[in-house]
Amino acid sequence: MTEGRNHTTITKFILLGFSEFPKLTIALFSVFLGIYMMTVSWNVSLITLIRMDAHLHTPMYFFLSNLSFLDICYVSTIAPKMLSGFFQKHSSISFLGCTIQYFFFSSLGLTECCLLAAMAYDRYTAICNPLLYTAVMSPTLCVQMVAGSCITGFFGSFIQLCALLQLHFCGPNVINHFFCDLPQLLVLSCSDTFFFQVMTSVLTVIFGLTSVLVIVVSYGYIVAAILKIISAEGRSKAFNTCASHLTVVILFFGSGIFVYMYPNSGDSLSQNKLASVLYTVIIPMLNPLIYSLRNKEIKEALSRWKRIEQLRVFSNLPLILPCFLEQYCCEIVRLDQINILYGVFPRLYL
């Protein structure tokens, strides 16, 4: 802490994390470390598969690969600091580090809101206007939508960052959370947070409600188009193309609404912490599974990749086989020499 003329300024915060479960420290660390490693590996694998397989070079999988990249960055802003705090008596973070962590967390979260809305529009175009799909969802438009999502998300978070740096923190510096989240920071602020809360509400309307509105309208048209399909097989196929995205949307927005709309008092703190684990750690791990398990194109891409790997192994046999035979022949010669020596000098081997 630094002393001013009439007040004390907080220079660091203490993150309590999961200190209320001291007996489960090793178990929780192992679980979250495993989840983090699986999140990174599964999302990297999905990105690699999409990049390598030409059949997946479509707008849908372009957005999906960007979503996977976002999830890797999103969880990496939270998990490393959370994991390091399990074995620290007092897990501290500087004020600058706290604001930087929240800036990237907020930026990536807002970007994902916009990206999920863009993906909903992509599904609307694919189902409601299939003949114009390739013309409407051109590579240029897809790149512009992803870039626009990123710019919009980081700009919205930058506005929050500027307002957050104007707040003064002079009281307790203990955050009952595993990362620097906005509701906990506002509680600790000694400044009047009314303007900040109004600005946050406006940004929530702009980003959250606008994204939700785009998604709801898109799926309204999608449902209407699916109901017009005569065959049951056609309806099932159309629905399956949207089921994964809809599941991710419900999980992401549902957990976010629970955390930021639920009152932060009493027993709700532990509930909010568990809900925060869901949307900061669990959902980024589940996203590649949700998009892969019932996705026929992903399964076919995996099958093609396995066949290519098998062909590579067989194509290397002409190079591997001579080396193996040479080694095998040398081993036979060596054994023959030992047998000859055993016949000449039997006592040496007794």
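**Cysteines and sheet**

Guide: Cys 98 and Cys 180 are both buried (under 20% relative accessible area; exposed is over 50% and partly exposed lies in between, with a 1.4 Å probe and protein chains only). The model is predicted, so local features need pLDDT of at least 70 and side-chain atom pairs count only at pLDDT 80 or more, while totals for chains, interfaces and linings use all residues. Residues are numbered from 1 along each chain as its sequence is written, and side-chain values use heavy atoms, with hydrogens and water left out.

These two cysteines form a disulfide with their sulfur atoms 2.0 Å apart (a pair of cysteine sulfur atoms within 2.5 Å qualifies). The S-S torsion is about -125 degrees, so this disulfide is left-handed. Because Cys 98 sits in helix 4 and Cys 180 in the loop between strand 5 and helix 7 (182-188), the link ties together parts 82 residues apart in sequence. Helices (H or I, at least four residues) and strands (E, at least two) are DSSP runs numbered from the N terminus.

The structure has 2 disulfides. Cys 170 and Cys 190 form a disulfide with sulfur atoms 2.0 Å apart, and its -120 degrees about the S-S bond makes it left-handed. Cys 170 is in the loop between helix 6 (139-164) and strand 5, and Cys 190 in the loop between helix 7 and helix 8 (194-227), 20 residues apart. Cys 170 is partly exposed at 29% relative accessible area, and Cys 190 is partly exposed at 37%. With the bonded cysteines numbered in sequence order, the pairing is 1-3, 2-4.

Cys 114 is in no disulfide, and the nearest cysteine sulfur, that of Cys 113, is 6.6 Å away. Cys 114 is buried, with a relative accessible area of 16%. Cys 128 is also in no disulfide; the sulfur of Cys 242 is the nearest, 8.6 Å away.

As for the sheet, 3 strands form an open, mixed sheet in the order 4-3-5, where a pair of strands needs at least two DSSP bridges. Strand 4 (91-94) and strand 5 (174-175) are the edges, each pairing on one side only. Helix 4 (residues 95-128) packs on the sheet and touches strand 3, strand 4 and strand 5, a contact being heavy atoms within 4.5 Å. Its direction makes about 85 degrees with that of strand 4; axes are lines fitted to C-alpha atoms, for helices over the stretch in contact, and angles run from 0 to 180 degrees between N-to-C directions.
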